[in-house]
Amino acid sequence: MKLIKVLFVTLPILLTGCNQPPAANSSEAPHTSDAAEEIALAPRPESIIEKMKVRGGQDDAKPELIVESPKEGETIKGSTVRIKVRIGGDLMGLEMGKDDAGAGNHVHVILDNQPYAAHYMWNEGFELRNVKDGEHTLRMFASRPWHESYKNEKAFKIIKFRVTGGKADKTKPTTDGNENKMADAEPEAKTNEGADVGESNAGKVDFSAPLLTYSRPKGEYKGADAESILLDFWLVNARLSGDGGEFRVRYTINGQRPGIIEKWEPIWLKGWKRGKNSVKLELIDPNGEIVENGGYNSTTREILVNPE
C-alpha cells in the first residue's frame, strides 16, 4: 500500500470535550469499548493483503462501466428503476459477481446521495424500488470484494434521469408504469437483485464541477472487521493537493479533530467506539471551505461497530 500523507487540522473549537487522535504512526491497539475512542490510521489489514495475493492482476485492472439503462435524461414511468450495466476495459482477469464466500467484484449503485447498494448479478440487472417522482442522480463505480473502489476514470459513471408515477413509500407496491400490475408488482420485484430506496431528489449537481462521492464506511462491523475500517470515496473533476491539485478531503469521526487526506487513496482507521459512530466526509478548497455541488460534497453517515 502506498504511503498516504495525512495532516490533522487544528481546530480548537472542535477539540473542546473531545479526545485527540494519536499520531499516524501510533502503535496503540484498537479499542471497542463504550467510551469515546481516539481514531488513528491503521495499515491495510492482513486479511485484505492475503485476498489480493490470490487475485492475480485483478487489482491492476482498469474496468470501464458501460451503462445500457437508464439513459442520460430519460424519463422513467413508475417507481421501479431498472439498471443494466456491462463491464469492459483492461480487465486483467477481473470477473464480476459473488464468490463462494458471498463477496466478489461488484458495482456501487448510488441514488442521489443515499448510501450505495451493491450490484453483483450482471446477467439479471439491478432494481431501485420505490423511487419518488422528480429528477434523480445515479452514480456508479466498480468495486473490489472488500468495497475498495477502482479509481481509473472510466470505472465511474454519473447519469441524471426523471421519474413520473413514483412512490417513495415502502408501504405501497412498486410500479413499472403499468397500473394493472400494481397489485403483484412488489412480490415480482423482490425476486430480482435490487434495493428499496428512501425519499430523495437529485440536488443541483453540476457534472462538470468537483464532486465527491462517499463510499465507505457503511453498515455494521463486527469482530476482526471492526479492528480497522476502510474509508474510501470517488472523486471527479478535482485533484487532491498530494496529486498535483488544490483540493483536500476532510474526514471527521464522532466529532473528533478532523483528519486531512491529500492523496486519492483509501485509508484504514482504528480506534472506533462500540456502537454507533458518525463519519463525515467533505471536499474542501485551499482555504478549508467546503466545495459546494448539490450538497453532495459534505456527507455524514452512521455506522455500527460491535453493537451489543
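**Backbone close-up**

Guide: His 147 has a relative accessibility of 15%, so this residue counts as buried (buried is under 20% relative accessible area, exposed over 50%, partly exposed in between; 1.4 Å probe, protein chains only). The model is predicted: local features need pLDDT of at least 70 and side-chain atom pairs pLDDT 80 or more, while totals for chains, interfaces and linings use all residues. Numbering runs from 1 along each chain as its sequence is written, and side-chain values use heavy atoms, without hydrogens or water.

Stay with His 147. Its phi is near 75°. That is a positive value, and the residue is not a glycine. Most residues other than glycine have a negative phi, and most peptide bonds are trans. His 147 sits in the loop between strand S9 (134-143) and strand S10 (156-164). Helices (H or I, at least four residues) and strands (E, at least two) are DSSP runs, numbered from the N terminus.

Now move to Asn 306. Here too phi is positive, at about 45°, in a residue that is not a glycine. Asn 306 belongs to the segment after S19. Its relative accessibility is 12%, which means that Asn 306 counts as buried.

Next come the cis peptide bonds. One of them runs from Ser 69 to Pro 70, with omega near 0°. Pro 70 is placed in the loop between strand S3 (62-69) and strand S4 (75-77). Another joins Arg 216 and Pro 217. Omega is about 10° in that case. Pro 217 lies in the loop that links strand S12 (211-216) with S13.

One more loop deserves a stop. Asp 285 is in the loop between strand S18 (275-284) and strand S19 (298-305). Leave out residues up to four places away in sequence, and Asp 285 touches Glu 246, Phe 247, Arg 248 and Val 291 (contact means heavy atoms within 4.5 Å). Take Val 249 as well: 36 residues separate Asp 285 from Val 249 in sequence. In space, their C-alpha atoms are 8.8 Å apart.

Now step back to the whole chain. The chain has three helices and 19 strands. Of its 308 residues, 50% count as buried. Take the contacts with a separation of 6 or more: 72% of them come from residues 24 or more positions apart.

The largest nonpolar core has 63 residues (a set of buried Ala, Val, Leu, Ile, Met, Phe, Trp, Tyr and Cys joined through side-chain atoms within 4.5 Å). Leu 128, Met 140, Phe 233, Leu 240, Tyr 251, Leu 269 and Trp 272 touch the most other members. S14 gives this core its largest share, six residues.
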